[in-house]
Amino acid sequence: MTSDTPVDARPPGGKTFFGHPRALSTLFLTEMWERFSFYGMRAILVLYLTAAVAEDGLGMRESTANAVYGTYNAMVYLMALPGGWVADRLIGARRSVLWGGVVIAVGHYVMAIPARWSVFAGMTLIVLGTGLLKPNISTMVGGLYDRDSPRRDAGFSIFYMGINLGAFIAPLVTGFLGEKINWHLGFGAAAIGMTFGVLQYVLGRRNLGDAGERPADPLLGADRRRALTRVGVGVLVLLLVLAALAVADLFTVNTVVNTLTVATVLITIGYFARIITDREISNTERSRMKAYLWLFVFAAAFWLIYDQAGSVLNIFAADRTDRDVLGFTFPASWLQSVNPILIIIGAPLFAWLWLRLGHRVSTPVKFAVGLVLNGLSFVLMAAAAQAAVGGDLVSPWWLVAVYAIQVAGELSLSPVGLSATTKLAPVKYASQMMGLWFLATAVGDAIGGQVARLAETWPEPTYFLTFGLASVLLGLGAVMFTRHISRLMAGIH
C-alpha cells in the first residue's frame, strides 16, 4: 500500500477494521489519545483561567478567558497550514504525525508544572504539535479510499468516533482531578494520554505500509535550503516583534488575542487567493476550490457557535446549573463529556445514513442542515438562560439537550467536511488542503472568542437567541445556493 494508491477494498489477508482497511485502526487509536489530551485540557482551561487566585487559578475576567480560549483553539487549527506544508514538502505525513505527538506531550507536561507561566508556555507547544499531527493524520485516512467512493464518508465517520471516544473519557478524568484536587494534576493526566498516543502510533506503524512515508511534493536541493532559510527568518522576525512588544509593555493578553484574531482572518484570505490563482492547478480544480470557499464560510460560522461549549457554556454549567447528585457536586467539566458520548452513539448511525443515501443528498445540503441545527441549539440555550435569570440554578439536562442538537448538526457537517476536503483538494495541495479545512475552525474560533466577550455584558438570553437565530438564517440561506455549489464541485458529490 502506498500513499498514492487508495485502499478501498478488503486488503490482502482479509484483515479489516469494521469492514475498512486495517490501517484505519492505527490512525483511529492515535487520534483517540491525541483528542484525550486535547479535550481533557480544554475541558478545564477556562475554569482554571477564571478561578480565583486563592483557588490556585489565574483570576481572569470571563470575557478575557473566553477570548483566550477561542484564540487558543484558533491557533491549534491555524497551525495545521504550516503542518500540512511540512508534510507535503519536507518530511511526509507519517513523521509529521509522530513528531507532532511528541511536541504535544511535552506541552502538556509543561502545563502540569505548578507555575503561572507554565500554562501559556505549554499551550504554545501544544499549538505547534497539533499543527503537525492534526491535518496529516486526516490526510492519511483520506488516502485509504478512492476519491469519490461512497464508503469514504463512512470511513471518516468511524474515524470521527475515535476522536470522540478520547474526548468523552478525558473530561471525566481531568475534570475530577483539576476541579476537585489540583488544576495542574488535571493537565498532567492529559500529558499521560498523549504519551499513550505516541506509543500506540509507533507500535502500530506496521499496519500503515508506505502510507504517508514520503512528501507529496518534496522540496529538493536549493529549493529546500531556500525554504528553510525563509522559515528561519520568519521565526526570527516573530521573536523580535514579541521582544519589542514586551519592551514597550504592550505584550498583554488582550493585545496578543486581538492580533492573532486579525492575523487568522488575513491568512485565510491570502491562502485562498494563492490557491485559486495558482496557474499550476487545472480549471476543474479551480472550480472545486470556489465551491470549497462556500463550504468554508459555512463551516467557520458553525464552529463560531459550536466551540463555545468549552467557554461560555462551560461557565454556565459551573455557575448556573444544579450539579448536586446524592450529596455529590459533580465537576462542571463533566458535562463536556456529553457531546462526545452522543457522537459515539450517533456516528455509526450517520455513517449508515450517508452510505444508504449515497449521492442523493449533496454535501452543501448536509452543511445547511448542520447550520440550522447548530442555531436551534442556541435558541434552546436562550430558554435555559432565561430560566436561570434571577440566580436560580437550572437542571443540567438543559445543556444535555443543547449538546444533543449540536451533535446532530456536527455529524451533518464535520466528518462530511473532512471527506469533502480530501475530494475537492487540488493534487498539489493535498495535505495543505486538510490544513485549510481546519483553518475554517480557526477562523470560527478566533471570531467566536471575540464574540464570546459579549456573553459577560449582554443579558444571557439575548446573547444566545441573537446568535442562534443568525445561524438558522444562514443555514436556510445556504439551501438556496446548493445547486450553484454543486455545479462548481464539477462531478464531486
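This is a predicted model: local features need pLDDT of at least 70, side-chain atom pairs count only at pLDDT 80 or more; totals for chains, interfaces and linings use all residues.
## Packing of α12 against α15

Helix α12 spans residues 363-387, and helix α15 spans residues 460-480. Their axes come within 7 Å and cross at roughly 165°. Since an angle over 145 degrees counts as roughly antiparallel, α12 and α15 are therefore roughly antiparallel to each other. The crossing in which α12 passes α15 is left-handed. The residues of this contact comprise 20 nonpolar, six polar and one charged.

## Packing of α9 against α15

Helix α15 also has a described crossing with helix α9, which covers residues 283-306. Here the axes come within 11 Å, and the crossing angle is roughly 160°. This angle too falls under the rule for values over 145 degrees, and α9 and α15 are therefore roughly antiparallel to each other. In this case α9 passes α15 in a left-handed crossing.

## Aromatic pairs and a cluster

An aromatic pair is described by the distance between the ring centres and the angle between the ring planes. With a limit of 6.5 Å between ring centres, the count comes to 23 aromatic pairs. One of the pairs joins Trp458 and Tyr463, whose ring centres are 6.4 Å apart. Their planes stand at 75°, so the pair is edge-to-face, the cut-off for that class being over 60 degrees. The two partners can also be described by their accessibility: Trp458 is partly exposed, at a relative accessible area of 32%, whereas Tyr463 is buried, at 1%.

One aromatic cluster is formed by Phe38, Tyr39, Tyr72, Tyr77 and Phe438. A charged side chain is placed over one of these rings: Arg35 lies over the face of Phe38, at 4.2 Å from the ring centre.

## Positive phi values in loops

Most residues other than glycine have a negative phi. Asp56 has a positive value, with phi near 70°. This residue is found in the loop that runs between α1 (23-50) and α2 (62-78). Asp56 has a relative accessible area of 51% and is therefore exposed, the cut-off for that class being over 50%.

Leu326 is another residue other than glycine with a positive phi, in this case near 55°. Leu326 lies in the loop between β3 (324-325) and β4 (328-329). The relative accessible area of Leu326 is 88%, so this leucine is exposed.

The helices on either side of the Asp56 loop are α1 and α2. Met32 lies in helix α1. With a relative accessible area of 9%, Met32 is buried, as the class requires a value under 20%. The C-alpha atoms of Met32 and Ala51 are separated by 29 Å, and these residues are 19 apart along the chain.

Ala67 is found in helix α2. The relative accessible area of Ala67 is 1%, so this alanine is buried. Between the C-alpha atoms of Ala67 and Ser337 the separation is 22 Å, for two residues that are 270 apart along the chain.

Technical notes:
Residues are numbered from 1 along each chain as its sequence is written. Side-chain values use heavy atoms; hydrogens and water are left out. Axes are lines fitted to C-alpha atoms, for helices over the stretch in contact, and angles run from 0 to 180 degrees between N-to-C directions. Helices (H or I, at least four residues) and strands (E, at least two) are DSSP runs, numbered from the N terminus. Angles under 35 degrees count as roughly parallel, over 145 as roughly antiparallel, 65 to 115 as roughly perpendicular and the rest as oblique. A crossing is left-handed if the near helix is turned anticlockwise from the far one by less than a right angle, and right-handed if clockwise. Ala, Val, Leu, Ile, Met, Phe, Trp, Tyr, Cys and Pro count as nonpolar, Asp, Glu, Lys and Arg as charged, and the others, Gly among them, as polar. Rings of Phe, Tyr and Trp (its six-membered ring) pair if their centres lie within 6.5 Å; planes under 30 degrees apart count as stacked, over 60 as edge-to-face and the rest as tilted. Buried means under 20% relative accessible area, exposed over 50%, partly exposed in between (1.4 Å probe, protein chains only). A charge sits over a ring if NZ of Lys or CZ of Arg is within 6 Å of the ring centre and within 35 degrees of the ring normal.
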